[in-house]
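Subject: Structure handover

Hello,

Here is the structure I promised to pass on. My notes follow below it.

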Amino acid sequence: MRFEIVLGSYNPEPYFFQKQIESIINQTYTNWICHIVDDFSSLSSQRLIQSIAGNHPNFKIHLHSDNVGVFHNFERGLSYITHQDCIIAFSDQDDIWSLNKLEIIASNFTDDITLVHSDLCIVSDTGNLIYSSCWNYEKRNPNTANIEFLLVHNCVTGCSLAFKSQLLPYILPFPKDREYSSGLLHDWWIALICLSFGKVLSLSDKLVCYRQHQNNVVGAEVSSGSILKHYQKWAANSFRITFQGYWSYRERLELLTTRLSTAGSRVPQPFRSTVHRSRWPTETTSETLLPTKADDRSWHLASVAAGD
């Protein structure tokens, strides 16, 4: 089993970047290649990337002349995947991987598992342990997450996930920024697609030391994964279904169903029956797939999403 790693970079801090690269090089699982996909860093940062990783044969450095942001930089990173049958993993530029990360992930993939992700520990900018479990810190319970929950709240962290490359035709292209406003990130989009086609496995192993510092694009937030926190937000709004919360949920559902309508019968029945009940037509459009305002399940989910 071959891994292809997509590492997104943008003006990396030299010490953080060096440690991330070392933790990839020293993996106990050696069948991997890493694409460093740079999002138009400064010339000095590009030289830094070349000096740290450029001489290792397993690293492929891709420099770009335009800045597209984290979401679409990981998207173009996926365009560099060279093997049709591999496992794709994402990496940030400033974390530290456990040396057996790829080995553990590889041993947990089966025919029906489309994505594997793990817990993380949280460390400071100096590498000191802050929290031993990101899931406990954010009060996540990813083992109970289904497609309905995932449409409301993401519980998969990009730097900890790995997924099967066979799903790339449905993952790519990512939704364009102008098509959504619901805070959809690359890991969330991929988790939604992968869970639609199979099982997502959540490992309690802490396979990444997630570095928390002032320049994080997305940092760990206490209790952010708690259903209670979402309920408290909803209660603070007098239990009203807000337009923003409902629209965000509907937006994600429409993006997902529109993309999956191209897959037809290849989408497993559990997904069709769970999200759309028995209303998965032979020839589909996004309008026929979306729940209506009269659909009780749709409004129930919108209620949960009210705090988004």
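Start with the salt-bridge network: Asp39, Asp66 and Arg76 are linked in it. A salt bridge here is a side-chain nitrogen of Lys or Arg within 4 Å of a carboxyl oxygen of Asp or Glu. This is a predicted model, where local features need pLDDT of at least 70 and side-chain atom pairs count only at pLDDT 80 or more, while totals for chains, interfaces and linings use all residues. Residues are numbered from 1 along each chain as its sequence is written, and side-chain values use heavy atoms, with hydrogens and water left out.

Salt bridges

The count is 7 salt bridges. Helices (H or I, at least four residues) and strands (E, at least two) are DSSP runs, numbered from the N terminus. Arg76 is buried at 14% relative accessible area, whereas Asp66 is partly exposed at 35%. The cut-offs: buried is under 20% relative accessible area, exposed is over 50%, and partly exposed is in between (1.4 Å probe, protein chains only).

Glu4 pairs with Arg2, with the closest N and O atoms 3.4 Å apart. Glu4 is buried, at 0%. Arg2 is partly exposed, at 21%.

Glu22 and Lys19 form a salt bridge at 3.6 Å, N to O. Both lie in helix α1 (residues 14-25), 3 residues apart, about one turn of the helix. Glu22 is partly exposed at 28%, and Lys19 is partly exposed at 29%.

Helix packing

The axes of α1 and helix α2 (residues 43-53) come within 10 Å and cross at roughly 30 degrees. Axes are lines fitted to C-alpha atoms, for helices over the stretch in contact, and angles run from 0 to 180 degrees between N-to-C directions. From α1, the contact uses Pro14, Phe17, Gln18 and Ile21; from α2, Leu48, Ile49, Ile52 and Ala53. Contact means heavy atoms within 4.5 Å. These residues divide into 7 nonpolar, 1 polar and no charged. Ala, Val, Leu, Ile, Met, Phe, Trp, Tyr, Cys and Pro count as nonpolar, Asp, Glu, Lys and Arg as charged, and the others, Gly among them, as polar.

Cysteines

How many disulfides does a search of the whole structure find? It finds 0. A disulfide would be a pair of cysteine sulfur atoms within 2.5 Å. For Cys121, the nearest cysteine sulfur is that of Cys209, 3.1 Å away. Cys121 is buried, at 10% relative accessible area. Cys194 is buried too, at 0%.

Backbone points to check

Leu172 and Pro173 are joined by a cis peptide bond, with omega about -5 degrees. Pro173 lies in the loop between α7 (168-171) and α8 (186-197).

Phe40 is not a glycine, yet has a positive phi of about 60 degrees. It is in the loop between β2 (32-38) and α2, and is partly exposed at 42%.

Lys139, also not a glycine, has a positive phi of about 55 degrees. It lies in the loop between α5 (134-138) and α6 (147-152). Lys139 is partly exposed, at 49%.

Best wishes
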